[in-house]
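Below are some notes on the model, for reading alongside the coordinates. They are set out as numbered points.

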Amino acid sequence: MEVEENKKVKKGKQLYDYQKENIDKVFDKIEKKPDNYNLVFQLPTGGGKTVIFSEIARRFIEESKKKVLILTHRIELSSQTSKMLAEFGVANKVITSDVKSLDDQDEFMCFVAMVETLKNRLNDDLLDMQDVSMVIIDEAHYNSFRKLFKYFQNCFILGVTATPLSSNIKLPMNEIYDELLVGEPITTLIDRGFLAKATTYTFDVALGGLKVGINGDYTVKSSDDLYSSNLMQDKLLHAYVEQSLGKKTLIFNNGINTSWHVYDTFKAAGYENVRHLDNTFSKQERSEILRWFKTTPDAILTSVSILTTGFDEPSVDTIILNRATKSITLYYQMIGRGSRVFKNKKTFNVIDLGNNAARFGLWSAPINWKRIFKSPDYYLDNLINDEEIERQFIYEMPTEVRQKFKNSTDITFKVKEEYEKAIKRGIKSKIVLDKSVEQHAQMCYENAEDVFDARDLAILLDDDIKDRIKKYSHYMIKSTKNYIMWLEEDYKRKLNTSINMKFKE
């Protein structure tokens, strides 16, 4: 690996008004707070966090004549940060794993390093950090940085992140940071033309088969099982054709297996402009694919985790969340990849195939980051769960199925309304399902030539029946999986009996 030294610097990077205001707010804290104060600064992806902390580093060095250390968690971010610092006129040295000697460290006032590399150099006494008075931490919500705090107990530490919620619920950020400083919200940056406006399209997905791992998010295995299925692959392709056909599209998946299935699905559908990328690819392969993605107007890139941070391609028109996540940080990171304004691009699409918008709210919706920073457990405990989300689903009969019931004017049934009526009248709630069975039987009768034809039509109602049973079981005390299965079987028996009776009559 090549050691980076950015001694050749140029001044001329322009700052927006809001960036200058936020920088002044940070320096106000530096002036008024003790030297060992820990501040975290929040600004949405695309708001220019790297620009802001690069100017903070330049100004701090100029005013204090003391050194600055900037920490990142990925080598790509270290390189990007070093180049940005150079644009601000800050000569800097990137400390990589190849750096065996640091005899020239006195020549620099600013260093950029990854966590593990710096920790090893400090343990080997290869670095002299005594003159470092400010430590800036990029993507501060990651917990890997904590291990270095003990080396900088007398420094002003500035954490920077778009989402001030720890990646580990057991290690909240408010344990190591004294205060949160919140920058401009997404809506303000959109209104002022700094971010593109998102249009979100949601597609209901039953997530009952997903399992949550020890990290608090859905496991790759259970996600692969769901999203590699023909049903979900068809839903993804349909969503793409409906909302993103011909547009530059970036697809996020939870597993490599799913991403390869996506690649094969698009290829089989005749889309030659699709590529797959994951973290097993070499640096050269990744660079080649990203160059292709940049220069291909209707490119479709299906990926796994690797492009959530440190990747900036403003020409992206559509972000597809082909996965569910319980991490609000990941949610904002994924959508943020499409939020950059670019030439005539002022808007972009988000296609959500994981109920994520229902879980966290729309990307641009107001969010109280200070409350989340102060009480992360309360926020996480009160996130809407998957069962509650799915209860809000409105079943829409597929067009081809609806055509089979074209003689029926009304095919809807309001389970909640009928249940509340039964309770008010003091009668048993099973009347709700009896009424539902009667409606389905009438639909089959109206659209069939004989009883055999009607029974075939009843099979087409399977998804509608499951939806009604699920909603009904929500109100029952006995809502175990076995009980719901029994309700479905009983419902279908009664439906066939009711159909038989109608034709006998």
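**Notes on the predicted model**

1. Confidence. The chain has a mean pLDDT of 89, and 94% of its residues reach 70 or more; pLDDT is the predictor's confidence in each residue, on a scale from 0 to 100. Confidence is lowest in strand β1 (residues 5-6), with a mean of 56, and highest in strand β13 (residues 318-321), at 98. Helices (H or I, at least four residues) and strands (E, at least two) are DSSP runs, numbered from the N terminus.

2. Conventions. This is a predicted model, in which local features need pLDDT of at least 70 and side-chain atom pairs count only at pLDDT 80 or more, while totals for chains, interfaces and linings use all residues. Residues are numbered from 1 along each chain as its sequence is written, and side-chain values use heavy atoms, with hydrogens and water left out.

3. K65 is not a glycine, yet its phi is positive, at about 60 degrees. K65 sits in the loop between α2 (49-64) and β3 (67-72) and is exposed, with 62% relative accessibility. Here buried means under 20% relative accessible area, exposed over 50%, and partly exposed in between (1.4 Å probe, protein chains only). K343, also not a glycine, has a positive phi of about 50 degrees. The loop that holds K343 runs between α10 (328-336) and β14 (347-352), and K343 is exposed at a relative accessible area of 70%.

4. Salt bridges in general. Side chains of opposite charge can pair when their charged atoms come close. The whole structure contains 27 salt bridges, each defined as a side-chain nitrogen of Lys or Arg within 4 Å of a carboxyl oxygen of Asp or Glu.

5. E272 and K267 form a salt bridge through their side chains, at 2.8 Å from N to O. E272 is exposed, at 56% relative accessibility, whereas K267 is partly exposed, at 27%. R275 and E288 also form a salt bridge, at 2.8 Å from N to O. Because R275 belongs to strand β11 (residues 274-277) and E288 to helix α9 (residues 283-295), this pair ties together parts that are 13 residues apart in sequence. R275 is partly exposed at 24% relative accessibility, and E288 is partly exposed at 35%.

6. The annotated segment. UniProt, in an unreviewed entry, places the feature "domain: Rhodanese" at residues 237-290. UniProt positions follow the numbering used here, feature names are shortened, and annotations may be inferred rather than shown by experiment. Over residues 237-290 the chain is 52% helix and 17% strand, and the end C-alpha atoms are 22 Å apart.

7. Pairing between α17 and α20. The side chains of E438 and K502 make a salt bridge of 2.8 Å, N to O. E438 is in helix α17 (residues 431-446) and K502 in helix α20 (residues 481-504), so the bridge ties together parts that are 64 residues apart in sequence. E438 is partly exposed, with a relative accessible area of 38%, while K502 is buried, at 13%. Separately, a network of salt bridges links K430, D434, D490, R493 and K494.

8. S436. This serine, S436, lies in helix α17 and is buried, with a relative accessible area of 1%. Leaving out residues up to four places away in sequence, S436 touches F413, R468 and Y491, where contact means heavy atoms within 4.5 Å. S436 and R468 are 32 residues apart along the chain, and their C-alpha atoms are separated by 8.2 Å.

9. Helix α16. Which residues of α16 (residues 415-425) are buried? They are V415, E418, Y419 and A422. These residues cover an arc of only 100 degrees around the axis, which puts them on the same side of α16; the arc is that of the directions from the helix axis to the C-beta atoms. The cover over the buried residues of α16 includes α17 and α19 (462-474). Just after α16, G426 has a positive phi of about 75 degrees.

10. E418. Within helix α16, the acidic residue E418 is buried, with a relative accessible area of 14%. Apart from neighbours within four places in sequence, E418 is in contact with F413, V432 and K435.
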